[in-house]
Amino acid sequence: MQNPFIAKARLQTLRHTLPVSQNFIEDGEKDYIPEGYLFNELPVYKPITRLSDNIVESMRMLSDIQKLRELLPGIDCGACGAPTCRAFAEDVVRKGVSPEDCPINKSKKEK
């Protein structure tokens, strides 16, 4: 979801860079935006950075993330599917994956 003003400016820029045959506006409408680009309801805000609604639980989870982060290799390779080792640790604490899903730690244990 973008800021509506930025989205409108980008649509106008796109309209100006299209060939003239696609850029024709009927009835002299100056600010025409195709119907598919408009929406009737605003999206519902859902915070994705909040660990929990309870502050005590959030602090416990943050502590667990930091402890697990120290056990990970820290090379941010992305082989596990998370962009960084900290993001992987957060996924583990949020019960999305298992700590054994780190391929680097798996290869170290197999040796």
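Colleague: Which residues does Leu 72 touch, not counting those up to four places away in sequence?
Modeller: In this predicted model, Leu 72 touches Cys 85, Phe 88, Ala 89, Cys 102 and Asn 105.

Colleague: And where does Leu 72 stand in the largest nonpolar core?
Modeller: That core has 13 residues, and Leu 72 is among those touching the most other members, along with Ile 65, Phe 88 and Ala 89.

Colleague: Which element gives the most?
Modeller: Helix α3, with six residues.

Colleague: What about the overall secondary structure of the chain?
Modeller: Four helices and zero strands.

Colleague: How much of the chain counts as buried?
Modeller: 16% of the 111 residues. The accessible surface comes to about 9300 Å², with 56% of that belonging to carbon and sulfur atoms.

Colleague: Which residues form a nonpolar patch on the surface?
Modeller: Ile 55, Val 56 and Met 59, with about 340 Å² of accessible area together. Ile 55 lies in helix α2 (residues 55-71).

Colleague: Why does Ile 55 count as exposed?
Modeller: Because its relative accessibility is 59%, and exposed means over 50%.

Colleague: Switching to confidence, what is the mean pLDDT of the chain?
Modeller: The mean is 81, and 82% of the residues reach 70 or more.

Colleague: Which elements have the lowest and the highest mean pLDDT?
Modeller: Helix α4 (residues 103-110) has the lowest, 76, while α2 has the highest, 93. Where pLDDT is low, the predicted coordinates should not be read in detail.

Colleague: Last one: how many of the contacts between residues at least 6 apart in sequence join residues at least 24 apart?
Modeller: 39% of them.

Notes. Residues numbered from 1 in each chain as written. Predicted model: local features only at pLDDT ≥ 70, side-chain atom pairs only at ≥ 80, totals over all residues. Heavy atoms only, no water. Patch = residues over 30% accessible without salt bridge, like charges linked within 9 Å, V, L, I, M, F, W, Y side chains within 5 Å. Areas by Shrake-Rupley, 256 points an atom, 1.4 Å probe, with all protein chains shown as cover. Salt bridge = Lys/Arg side-chain N within 4 Å of Asp/Glu carboxyl O. Helix = DSSP H or I, 4+ residues; strand = E, 2+ residues; numbered from the N terminus. Buried < 20%, exposed > 50% of the residue type's maximum accessible area, 1.4 Å probe, protein only. pLDDT = per-residue confidence, 0-100. Core = buried A, V, L, I, M, F, W, Y, C linked by side-chain atoms within 4.5 Å. Contact = heavy atoms within 4.5 Å.
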